[in-house]
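The sequence and structure come next.

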Amino acid sequence: MTAQSGFISIQNVVKFFGRFQAITDVSMEIGKGEFFSLLGASGCGKTTLLRMLAGFEGTTTGEIYIDGQPMSAVPPHERPVNMVFQSYAIFPHLNVRDNIGYGLRKLKLPKDQRQAMIEEMLALIKLPGYGDRKANELSGGQRQRIALARALILKPKVLLLDEPLGALDKQLREQMQLELRALQRKIGITFVFVTHDQEEALTLSDRIAVMSAGKVLQVDTPAGLYERPKSREVASFIGNMNFFNGTVRRNGAATGAIETEGLGTIPVPVDMLTKPDGAAVQVALRPEKFVMSDNQPTQGQLAIPGTLNTSAYLGERSHHYIKIAGKDDPVAVSTPNAASSIGRQAGNGQIWLSFNPASIVILDPD
Ligand code: ATP
């Protein structure tokens, strides 16, 4: 976590809509200056949680603190937050300057101070000189930047963003992701960002809360979620993952192993084993952690013979499906397209898979 921990503190928050429970006992801390994302499939409760931070929805039970203050009795306009929506909600009949300065009107600031703040925002969003343009003469990306500037000009402590890039096409969206990240770094405001797009969350965030059915499954850094998922649900939600049934074998004080269906017996340090001898576990291994070779690797007992079912060439990488003994589903393997792998065809016969035992993740069984 960056900077001060618990700048936003969500404590045992539950939300019912009538009899429907949208949020089930969520607790987490968001640090000051963090770019924090809520990631999950449609309907998992991301927007509800964001709206509770904004004050547009109350909590049924539990409390939200921002900068040490409990928020339940604080109405939305008095909270130190501002929100940016997917539909930019900018006023088409106003020009860019008036759109950005809209929220300043009630502050009764002198005109030249207002203008200076607006110019500062135009520079920040890289649209200097656009002040007189009508909002409906702007591209989608430019409109989204205006919406950001309008939210930021009031210098909120927290910016809440609800799928703000969702309406943009892929290329513009990727460009805006980089801009948004750079902007957040520059101004240092805490961002809470809602998305269902895992790549977007991984690209942008310091930390991510993965949500499902109103619950937070895991809060971690992008690398932590990818390399050390704590459950099968998180492991399969972020990227692709192969799963193998396994049984713990504790051989002694210093050595241990997992006997698997498909990958043989994998030696693991005992401190990675949290279960007793004989316990059922799942071994998870990412497709790119395998090395695929035509000949049996000379060293290591962890070389698994297999038959190539299909390959798909994807430019930078190829994806392969390999049938191995002891496992019904083919194993997904991803290899970088070095010259040697180009032209590999299905039906080439036997290949070998090997992997480093340190790259496995040990999970509870289903
Ligand atoms: P999406 O990505 O589709 O926006 P989400 O994860 O943001 O999904 P929410 O909008 O938070 O999901 O909704 C969570 C659940 O709560 C959904 O099942 C939704 O139908 C329900 N819900 C949300 N708002 C209300 C409401 N005002 N009344 C009743 N049910 C609601």
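Which backbone atom lies 3.0 Å from a polar atom of the side chain of threonine 195? The backbone nitrogen of aspartate 197 does.

## Basis

The model is predicted: local features need pLDDT of at least 70, side-chain atom pairs count only at pLDDT 80 or more, and totals for chains, interfaces and linings use all residues. Residues are numbered from 1 along each chain as its sequence is written, and side-chain values use heavy atoms, with hydrogens and water left out.

## Threonine 195

Threonine 195 belongs to strand β8, residues 190-195; strands (E, at least two residues) and helices (H or I, at least four) are DSSP runs numbered from the N terminus. Threonine 195 has 0% relative accessibility and therefore counts as buried (buried is under 20% relative accessible area, exposed over 50%, partly exposed in between; 1.4 Å probe, protein chains only).

Leaving out residues up to four places away in sequence, threonine 195 touches Leu38, Leu39, Gly40, Lys46, Glu163, Arg173, Glu200 and Ala201. Contact here means heavy atoms within 4.5 Å.

## The two domains

The domain assignment gives domain 1 (8-237) and domain 2 (243-363); such bounds come from an automatic or database assignment. Their C-alpha centres are 40 Å apart. Nine residues of domain 1 contact seven residues of domain 2.

About 740 Å² is buried between domain 1 and domain 2, with carbon and sulfur atoms giving 50% of that area. Buried area is the accessible area (1.4 Å probe) that two parts lose on being put together, summed over both.

One salt bridge is found between domain 1 and domain 2, where a salt bridge is a side-chain nitrogen of Lys or Arg within 4 Å of a carboxyl oxygen of Asp or Glu. Lysine 289 forms a salt bridge with glutamate 227, with 3.1 Å between the closest N and O atoms. On the side of domain 1 that touches domain 2, α7 (222-227) and α8 (232-237) each supply at least two residues.

## Lysine 323

Lysine 323 sits in strand β17, residues 317-324. With a relative accessible area of 34%, lysine 323 is partly exposed. Its contacts, not counting residues up to four places away in sequence, are Gly306, Thr307, Asn309, Asp328 and Pro330.

A polar atom of the lysine 323 side chain lies 2.6 Å from the backbone oxygen of lysine 327. The C-alpha atoms of lysine 323 and isoleucine 30 are 44 Å apart, with the two residues 293 apart along the chain.

Technical notes
Polar contact = N/O pair within 3.5 Å; in protein donor to acceptor, adjacent residues only side chain to side chain.
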